[in-house]
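Have the sequence and the 3D view at hand as you read.

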Amino acid sequence: MPSSARQRVGGESRQAVGRARTQQAPPSSVFIRLLSCVVEVASNCATVRRIVTALYRSAMNRASESAVVPTVHFAILADGQAGAGPTYRICGEGVTAGPFASAADAVVHLESMITMAAAVSLADHVLVHAGVVASPAGGIVIPGASGAGKSTLVAALCFSGFRYLSDELAVIDRESLALHPFVKPMCLKDGGWSALAAAYARPPAVLSGTRAEGEAVHFLLPPKVCEADGQTRIRYVLRPERQPGASARLVRSARAQTLMDLAQHSLNLPRHGPAGVDLLARVVEGAECYTLIYDDLACAVATIQNFTGA
Amino acid sequence: MTELKEESRSDLSLPRRAHHVTERIVDGELVLYDPRRRRVHALNATAAFIWQTCDGERDQASILATLTGRYPDSREAIEADVRETLALFISEGLLASA
(Lines give C-alpha, C1' and ligand atoms only; values in the text may rest on other atoms or scores of the structure.)
Protein backbone atom coordinates (compact mmCIF):
# COMPACT_ATOMS: atom_id res chain seq x y z
CA MET A 1 0.00 0.00 0.00
CA PRO A 2 2.62 2.63 0.94
CA SER A 3 4.59 2.31 -2.30
CA SER A 4 1.50 2.37 -4.51
CA ALA A 5 0.16 5.29 -2.51
CA ARG A 6 3.34 7.23 -3.15
CA GLN A 7 3.01 6.60 -6.88
CA ARG A 8 -0.51 7.99 -6.94
CA VAL A 9 0.30 11.19 -5.07
CA GLY A 10 0.74 13.70 -7.83
CA GLY A 11 2.75 16.78 -8.63
CA GLU A 12 4.59 18.67 -5.99
CA SER A 13 3.24 16.42 -3.27
CA ARG A 14 5.24 13.54 -4.75
CA GLN A 15 8.49 15.48 -4.35
CA ALA A 16 7.55 16.53 -0.85
CA VAL A 17 6.76 12.96 0.06
CA GLY A 18 10.18 11.91 -1.27
CA ARG A 19 12.00 14.46 0.87
CA ALA A 20 9.99 13.57 3.92
CA ARG A 21 10.78 9.91 3.44
CA THR A 22 14.44 10.60 4.22
CA GLN A 23 13.54 12.53 7.35
CA GLN A 24 10.66 10.64 8.93
CA ALA A 25 8.78 7.39 8.60
CA PRO A 26 7.58 6.65 5.07
CA PRO A 27 4.18 8.13 4.31
CA SER A 28 1.08 6.07 4.36
CA SER A 29 -2.34 7.00 3.02
CA VAL A 30 -5.84 7.37 4.30
CA PHE A 31 -8.72 7.26 1.82
CA ILE A 32 -11.86 9.33 2.22
CA ARG A 33 -14.97 9.03 0.07
CA LEU A 34 -17.32 11.98 -0.39
CA LEU A 35 -19.89 10.73 -2.92
CA SER A 36 -17.99 10.02 -6.14
CA CYS A 37 -14.93 11.89 -4.95
CA VAL A 38 -12.24 9.73 -3.35
CA VAL A 39 -9.59 11.72 -1.53
CA GLU A 40 -6.19 10.30 -0.69
CA VAL A 41 -4.44 11.89 2.26
CA ALA A 42 -0.84 10.76 2.55
CA SER A 43 1.18 11.54 5.62
CA ASN A 44 4.46 10.50 7.18
CA CYS A 45 3.02 11.25 10.62
CA ALA A 46 0.94 8.63 12.46
CA THR A 47 -0.74 11.36 14.55
CA VAL A 48 -2.00 13.09 11.42
CA ARG A 49 -3.30 9.85 9.96
CA ARG A 50 -5.05 9.05 13.26
CA ILE A 51 -6.73 12.47 13.39
CA VAL A 52 -7.86 12.28 9.76
CA THR A 53 -9.19 8.77 10.28
CA ALA A 54 -11.17 9.85 13.35
CA LEU A 55 -12.51 12.94 11.58
CA TYR A 56 -13.72 11.13 8.51
CA ARG A 57 -14.77 7.90 10.19
CA SER A 58 -18.06 7.58 8.28
CA ALA A 59 -16.46 8.50 4.97
CA MET A 60 -13.59 6.11 5.75
CA ASN A 61 -15.95 3.19 6.11
CA ARG A 62 -17.47 3.97 2.75
CA ALA A 63 -14.11 4.01 0.99
CA SER A 64 -13.15 0.62 2.35
CA GLU A 65 -16.30 -1.02 1.04
CA SER A 66 -15.16 -1.14 -2.58
CA ALA A 67 -12.08 -0.70 -4.67
CA VAL A 68 -11.29 2.98 -4.79
CA VAL A 69 -9.34 5.05 -7.23
CA PRO A 70 -8.57 8.40 -5.66
CA THR A 71 -9.29 11.44 -7.76
CA VAL A 72 -7.99 14.02 -5.30
CA HIS A 73 -4.61 13.86 -3.57
CA PHE A 74 -3.25 15.67 -0.56
CA ALA A 75 -0.22 15.13 1.64
CA ILE A 76 0.45 16.41 5.15
CA LEU A 77 4.12 16.13 5.91
CA ALA A 78 5.77 16.53 9.27
CA ASP A 79 9.21 18.07 9.18
CA GLY A 80 11.19 17.44 12.32
CA GLN A 81 13.77 20.03 13.30
CA ALA A 82 16.64 19.23 15.70
CA GLY A 83 15.78 20.58 19.15
CA ALA A 84 12.27 21.69 18.10
CA GLY A 85 8.90 20.09 17.59
CA PRO A 86 7.74 19.12 14.12
CA THR A 87 5.96 21.50 11.81
CA TYR A 88 3.42 20.39 9.26
CA ARG A 89 2.96 21.33 5.63
CA ILE A 90 0.13 20.50 3.27
CA CYS A 91 0.45 20.08 -0.46
CA GLY A 92 -1.80 18.79 -3.15
CA GLU A 93 -4.12 19.79 -5.98
CA GLY A 94 -1.78 22.61 -6.94
CA VAL A 95 -1.92 24.20 -3.51
CA THR A 96 0.55 24.32 -0.61
CA ALA A 97 -0.15 25.51 2.92
CA GLY A 98 1.79 25.84 6.13
CA PRO A 99 3.88 25.47 8.08
CA PHE A 100 1.49 24.64 10.90
CA ALA A 101 2.69 24.29 14.47
CA SER A 102 0.39 21.37 15.28
CA ALA A 103 -1.06 18.35 13.54
CA ALA A 104 -4.51 19.50 14.66
CA ASP A 105 -4.23 22.90 12.97
CA ALA A 106 -2.88 21.28 9.82
CA VAL A 107 -5.83 18.89 9.65
CA VAL A 108 -8.26 21.76 10.34
CA HIS A 109 -6.85 23.50 7.29
CA LEU A 110 -6.86 20.30 5.25
CA GLU A 111 -10.55 19.79 6.01
CA SER A 112 -11.39 23.03 4.16
CA MET A 113 -9.18 22.01 1.25
CA ILE A 114 -10.82 18.61 1.03
CA THR A 115 -14.30 20.14 1.05
CA MET A 116 -13.37 22.56 -1.69
CA ALA A 117 -11.71 19.91 -3.87
CA ALA A 118 -14.63 17.53 -3.42
CA ALA A 119 -17.10 20.28 -4.35
CA VAL A 120 -15.15 20.93 -7.56
CA SER A 121 -15.27 17.24 -8.45
CA LEU A 122 -19.05 17.16 -7.87
CA ALA A 123 -19.73 20.10 -10.18
CA ASP A 124 -22.05 18.04 -12.38
CA HIS A 125 -24.58 18.31 -9.58
CA VAL A 126 -26.15 21.62 -8.57
CA LEU A 127 -24.40 22.66 -5.35
CA VAL A 128 -25.87 25.03 -2.78
CA HIS A 129 -24.11 26.34 0.31
CA ALA A 130 -26.54 24.93 2.86
CA GLY A 131 -26.98 22.64 5.80
CA VAL A 132 -28.99 19.51 5.08
CA VAL A 133 -30.71 17.01 7.36
CA ALA A 134 -33.38 14.39 6.83
CA SER A 135 -36.61 14.02 8.77
CA PRO A 136 -39.04 11.12 8.40
CA ALA A 137 -41.01 13.40 6.06
CA GLY A 138 -38.05 14.21 3.82
CA GLY A 139 -34.99 16.36 3.41
CA ILE A 140 -34.61 19.82 4.93
CA VAL A 141 -32.33 22.29 3.15
CA ILE A 142 -31.10 25.19 5.28
CA PRO A 143 -29.44 27.77 3.00
CA GLY A 144 -27.40 30.63 4.38
CA ALA A 145 -24.10 32.44 4.33
CA SER A 146 -21.21 31.50 6.59
CA GLY A 147 -21.96 32.67 10.11
CA ALA A 148 -25.73 32.42 9.69
CA GLY A 149 -25.89 29.52 12.13
CA LYS A 150 -26.49 26.69 9.68
CA SER A 151 -23.92 24.31 11.17
CA THR A 152 -25.10 24.92 14.72
CA LEU A 153 -28.71 24.34 13.73
CA VAL A 154 -27.76 21.21 11.77
CA ALA A 155 -25.79 19.85 14.73
CA ALA A 156 -28.66 20.53 17.11
CA LEU A 157 -31.11 18.81 14.76
CA CYS A 158 -28.80 15.81 14.46
CA PHE A 159 -28.53 15.50 18.23
CA SER A 160 -32.34 15.59 18.28
CA GLY A 161 -32.78 12.62 15.97
CA PHE A 162 -32.54 14.02 12.44
CA ARG A 163 -30.21 12.24 10.03
CA TYR A 164 -27.18 14.12 8.77
CA LEU A 165 -26.44 14.82 5.13
CA SER A 166 -24.17 17.87 5.42
CA ASP A 167 -23.52 21.08 7.31
CA GLU A 168 -21.98 22.78 4.28
CA LEU A 169 -23.20 21.56 0.95
CA ALA A 170 -26.54 20.55 -0.55
CA VAL A 171 -25.70 18.27 -3.49
CA ILE A 172 -28.76 18.19 -5.73
CA ASP A 173 -29.05 15.50 -8.35
CA ARG A 174 -29.85 17.00 -11.75
CA GLU A 175 -32.08 14.10 -12.78
CA SER A 176 -34.00 13.20 -9.64
CA LEU A 177 -33.76 16.57 -7.79
CA ALA A 178 -32.93 14.51 -4.70
CA LEU A 179 -30.15 15.20 -2.22
CA HIS A 180 -26.97 13.20 -2.07
CA PRO A 181 -25.29 13.07 1.35
CA PHE A 182 -22.04 15.03 1.57
CA VAL A 183 -20.88 13.59 4.85
CA LYS A 184 -18.06 15.88 5.93
CA PRO A 185 -17.46 16.28 9.67
CA MET A 186 -19.68 18.91 11.30
CA CYS A 187 -17.71 22.07 12.00
CA LEU A 188 -18.75 24.59 14.63
CA LYS A 189 -17.19 27.90 15.56
CA ASP A 190 -16.84 28.87 19.22
CA GLY A 191 -20.25 30.56 19.44
CA GLY A 192 -22.10 27.60 17.96
CA TRP A 193 -20.07 25.18 20.06
CA SER A 194 -21.13 26.97 23.24
CA ALA A 195 -24.75 27.24 22.14
CA LEU A 196 -24.86 23.53 21.39
CA ALA A 197 -23.33 22.65 24.76
CA ALA A 198 -25.88 24.84 26.56
CA ALA A 199 -28.82 23.02 24.95
CA TYR A 200 -27.63 19.46 24.42
CA ALA A 201 -25.45 16.83 25.98
CA ARG A 202 -23.02 16.88 23.11
CA PRO A 203 -20.02 14.60 22.98
CA PRO A 204 -16.48 15.99 23.03
CA ALA A 205 -15.06 17.29 19.79
CA VAL A 206 -13.26 14.84 17.55
CA LEU A 207 -10.90 17.67 16.69
CA SER A 208 -10.47 21.26 17.84
CA GLY A 209 -8.06 23.65 16.23
CA THR A 210 -7.52 27.10 14.80
CA ARG A 211 -8.03 28.16 11.23
CA ALA A 212 -5.37 30.20 9.48
CA GLU A 213 -7.36 33.39 10.09
CA GLY A 214 -7.27 32.70 13.85
CA GLU A 215 -10.80 31.38 14.26
CA ALA A 216 -11.24 28.46 16.67
CA VAL A 217 -13.30 25.57 15.28
CA HIS A 218 -14.55 22.27 16.66
CA PHE A 219 -15.45 19.17 14.71
CA LEU A 220 -18.14 16.70 15.67
CA LEU A 221 -19.35 13.45 14.18
CA PRO A 222 -23.12 13.24 13.71
CA PRO A 223 -24.95 10.44 15.54
CA LYS A 224 -26.94 9.30 12.50
CA VAL A 225 -25.88 9.65 8.90
CA CYS A 226 -27.84 9.13 5.71
CA GLU A 227 -26.82 6.17 3.60
CA ALA A 228 -23.98 6.95 1.19
CA ASP A 229 -25.94 5.81 -1.84
CA GLY A 230 -29.19 7.20 -0.57
CA GLN A 231 -31.15 9.96 -2.22
CA THR A 232 -33.39 12.10 -0.09
CA ARG A 233 -36.24 14.08 -1.58
CA ILE A 234 -36.22 17.79 -0.69
CA ARG A 235 -39.38 18.33 1.36
CA TYR A 236 -38.56 21.61 3.10
CA VAL A 237 -36.39 24.68 2.51
CA LEU A 238 -35.91 26.62 5.74
CA ARG A 239 -33.99 29.88 5.68
CA PRO A 240 -32.70 30.59 9.20
CA GLU A 241 -32.98 34.11 10.60
CA ARG A 242 -31.65 34.82 14.08
CA GLN A 243 -33.54 37.58 15.87
CA PRO A 244 -32.56 38.39 19.47
CA GLY A 245 -35.46 37.69 21.81
CA ALA A 246 -37.68 36.23 19.10
CA SER A 247 -39.90 33.23 19.73
CA ALA A 248 -39.13 30.41 17.35
CA ARG A 249 -41.61 30.32 14.50
CA LEU A 250 -41.87 29.38 10.86
CA VAL A 251 -43.08 32.02 8.43
CA ARG A 252 -44.07 30.86 4.97
CA SER A 253 -41.81 32.21 2.23
CA ALA A 254 -42.70 32.91 -1.36
CA ARG A 255 -41.25 30.22 -3.59
CA ALA A 256 -39.79 32.82 -5.95
CA GLN A 257 -37.93 34.40 -3.04
CA THR A 258 -36.72 30.96 -1.91
CA LEU A 259 -35.48 30.31 -5.44
CA MET A 260 -33.52 33.54 -5.21
CA ASP A 261 -32.06 32.44 -1.86
CA LEU A 262 -30.93 29.10 -3.27
CA ALA A 263 -29.54 30.76 -6.40
CA GLN A 264 -27.66 33.30 -4.31
CA HIS A 265 -26.05 30.52 -2.29
CA SER A 266 -25.35 28.23 -5.20
CA LEU A 267 -21.67 27.45 -5.77
CA ASN A 268 -22.02 26.56 -9.43
CA LEU A 269 -25.24 27.95 -10.87
CA PRO A 270 -23.44 29.72 -13.74
CA ARG A 271 -22.07 26.36 -14.86
CA HIS A 272 -25.60 25.00 -15.21
CA GLY A 273 -27.15 28.22 -16.54
CA PRO A 274 -30.92 28.36 -17.19
CA ALA A 275 -31.15 24.58 -16.66
CA GLY A 276 -29.79 25.09 -13.15
CA VAL A 277 -32.32 27.82 -12.45
CA ASP A 278 -35.06 25.54 -13.75
CA LEU A 279 -33.81 22.78 -11.42
CA LEU A 280 -33.92 25.08 -8.40
CA ALA A 281 -37.38 26.26 -9.49
CA ARG A 282 -38.60 22.66 -9.59
CA VAL A 283 -37.04 22.08 -6.16
CA VAL A 284 -38.94 24.97 -4.56
CA GLU A 285 -42.13 24.07 -6.40
CA GLY A 286 -42.00 20.62 -4.84
CA ALA A 287 -41.04 21.81 -1.36
CA GLU A 288 -42.54 23.77 1.50
CA CYS A 289 -40.59 26.98 1.93
CA TYR A 290 -40.27 28.88 5.19
CA THR A 291 -38.16 31.36 7.09
CA LEU A 292 -37.22 30.05 10.53
CA ILE A 293 -37.14 32.99 12.91
CA TYR A 294 -35.55 32.15 16.23
CA ASP A 295 -33.22 33.09 19.03
CA ASP A 296 -33.07 30.03 21.26
CA LEU A 297 -31.55 26.98 19.57
CA ALA A 298 -33.57 24.35 21.46
CA CYS A 299 -36.82 26.18 20.68
CA ALA A 300 -35.86 26.30 17.01
CA VAL A 301 -35.28 22.56 16.98
CA ALA A 302 -38.55 21.89 18.79
CA THR A 303 -40.38 24.04 16.24
CA ILE A 304 -38.86 22.08 13.37
CA GLN A 305 -39.61 18.76 15.09
CA ASN A 306 -43.26 19.69 15.60
CA PHE A 307 -43.58 20.92 12.05
CA THR A 308 -42.00 17.92 10.37
CA GLY A 309 -43.45 15.34 12.71
CA ALA A 310 -40.00 14.15 13.74
CA MET B 1 -18.35 42.82 -27.76
CA THR B 2 -21.52 43.58 -29.73
CA GLU B 3 -23.59 42.43 -26.79
CA LEU B 4 -21.74 44.73 -24.41
CA LYS B 5 -22.31 47.65 -26.76
CA GLU B 6 -26.00 46.81 -26.85
CA GLU B 7 -26.13 46.98 -23.07
CA SER B 8 -24.36 50.30 -22.87
CA ARG B 9 -26.81 51.83 -25.33
CA SER B 10 -29.91 50.66 -23.44
CA ASP B 11 -32.28 53.54 -22.97
CA LEU B 12 -35.90 54.18 -22.16
CA SER B 13 -37.09 55.14 -25.67
CA LEU B 14 -38.25 51.70 -26.81
CA PRO B 15 -37.29 49.30 -24.04
CA ARG B 16 -36.83 45.71 -25.13
CA ARG B 17 -36.17 42.60 -23.06
CA ALA B 18 -32.56 41.42 -23.51
CA HIS B 19 -32.51 38.13 -25.39
CA HIS B 20 -30.00 36.50 -23.04
CA VAL B 21 -32.35 36.83 -20.04
CA THR B 22 -34.45 33.72 -19.41
CA GLU B 23 -37.83 33.66 -17.71
CA ARG B 24 -39.48 31.19 -15.38
CA ILE B 25 -42.84 31.31 -13.63
CA VAL B 26 -42.63 30.07 -10.04
CA ASP B 27 -45.88 29.88 -8.13
CA GLY B 28 -47.35 32.60 -10.31
CA GLU B 29 -44.37 34.93 -9.89
CA LEU B 30 -42.00 35.80 -12.71
CA VAL B 31 -38.34 35.01 -12.11
CA LEU B 32 -35.62 36.22 -14.46
CA TYR B 33 -32.16 34.74 -14.82
CA ASP B 34 -29.33 36.81 -16.27
CA PRO B 35 -26.44 34.45 -17.05
CA ARG B 36 -24.08 37.30 -17.85
CA ARG B 37 -24.29 38.91 -14.45
CA ARG B 38 -25.21 35.59 -12.83
CA ARG B 39 -28.20 37.15 -11.09
CA VAL B 40 -31.70 35.91 -10.40
CA HIS B 41 -34.52 38.45 -10.07
CA ALA B 42 -38.00 37.83 -8.70
CA LEU B 43 -40.48 40.40 -10.02
CA ASN B 44 -43.61 41.51 -8.23
CA ALA B 45 -46.83 41.69 -10.22
CA THR B 46 -46.34 45.29 -11.40
CA ALA B 47 -42.71 44.76 -12.40
CA ALA B 48 -43.67 41.57 -14.22
CA PHE B 49 -46.34 43.43 -16.18
CA ILE B 50 -43.91 46.20 -17.09
CA TRP B 51 -41.38 43.55 -18.13
CA GLN B 52 -43.88 41.95 -20.48
CA THR B 53 -44.58 45.32 -22.13
CA CYS B 54 -40.88 45.79 -22.94
CA ASP B 55 -41.20 44.42 -26.47
CA GLY B 56 -39.18 47.07 -28.30
CA GLU B 57 -42.30 48.53 -29.87
CA ARG B 58 -43.70 50.58 -27.02
CA ASP B 59 -42.18 53.69 -25.53
CA GLN B 60 -42.48 54.67 -21.88
CA ALA B 61 -45.67 56.69 -22.50
CA SER B 62 -47.29 53.73 -24.19
CA ILE B 63 -46.30 51.41 -21.35
CA LEU B 64 -47.71 53.91 -18.88
CA ALA B 65 -50.96 54.16 -20.87
CA THR B 66 -51.31 50.36 -20.87
CA LEU B 67 -50.90 50.20 -17.12
CA THR B 68 -53.17 53.14 -16.30
CA GLY B 69 -55.78 51.56 -18.54
CA ARG B 70 -55.78 48.71 -16.05
CA TYR B 71 -55.56 50.88 -12.94
CA PRO B 72 -57.07 54.27 -13.84
CA ASP B 73 -57.18 55.56 -10.27
CA SER B 74 -53.46 55.24 -9.64
CA ARG B 75 -51.85 57.22 -12.44
CA GLU B 76 -49.27 59.09 -10.36
CA ALA B 77 -48.12 56.01 -8.51
CA ILE B 78 -47.98 54.03 -11.74
CA GLU B 79 -45.94 56.70 -13.45
CA ALA B 80 -43.34 56.54 -10.71
CA ASP B 81 -43.42 52.74 -10.78
CA VAL B 82 -42.88 52.58 -14.54
CA ARG B 83 -40.05 55.08 -14.46
CA GLU B 84 -38.25 53.43 -11.54
CA THR B 85 -38.80 49.89 -12.78
CA LEU B 86 -37.48 50.62 -16.25
CA ALA B 87 -34.47 52.36 -14.72
CA LEU B 88 -33.88 49.30 -12.55
CA PHE B 89 -34.14 46.98 -15.56
CA ILE B 90 -31.51 49.07 -17.31
CA SER B 91 -29.15 49.24 -14.32
CA GLU B 92 -29.43 45.47 -13.90
CA GLY B 93 -28.62 44.89 -17.58
CA LEU B 94 -31.97 43.27 -18.35
CA LEU B 95 -32.88 45.46 -21.34
CA ALA B 96 -31.36 45.51 -24.78
CA SER B 97 -30.85 48.61 -26.84
CA ALA B 98 -33.75 50.13 -28.73
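## A covered helix in chain A

Helix α6 of chain A, spanning residues 150-158, is mostly covered, with 9 of its 9 residues buried. Buried here means under 20% relative accessible area, with exposed over 50% and partly exposed in between (1.4 Å probe, protein chains only). Helices are DSSP runs of H or I with at least four residues, strands are E runs of at least two, and both are numbered from the N terminus. The buried residues of α6(A) are A:K150, A:S151, A:T152, A:L153, A:V154, A:A155, A:A156, A:L157 and A:C158.

## How to read the values

This is a predicted model, in which local features need pLDDT of at least 70 and side-chain atom pairs count only at pLDDT 80 or more, while totals for chains, interfaces and linings use all residues. Residues are numbered from 1 along each chain as its sequence is written, chains are lettered from A and ligands numbered from 1 in the order in which they are written, and side-chain values use heavy atoms, with hydrogens and water left out.

## Where chain A meets chain B

Chain A brings 16 residues to the contact and chain B brings 12 residues, where contact means heavy atoms within 4.5 Å. About 1200 Å² is buried between the two chains, and carbon and sulfur atoms give 70% of that area. Buried area is the accessible area (1.4 Å probe) that two parts lose on being put together, summed over both. On the chain A side, A:A256, A:M260 and A:P270 lose the most area to chain B, together 35% of what that side buries.

There are 3 salt bridges between chain A and chain B, each a side-chain nitrogen of Lys or Arg within 4 Å of a carboxyl oxygen of Asp or Glu. A:R255 forms a salt bridge with B:D27, and their closest N and O atoms are 3.0 Å apart. In chain A, the elements giving two or more residues to the side that touches chain B are α8 (255-264) and α9 (269-285). Of these, α9(A) gives the most, with 10 residues.

## Chain B as a whole

Chain B has 4 helices and 5 strands, and along the sequence they follow the pattern α-β-β-β-β-α-α-α-β. Of its 98 residues, 38% count as buried. Among contacts in chain B between residues at least 6 apart in sequence, 59% join residues at least 24 apart.
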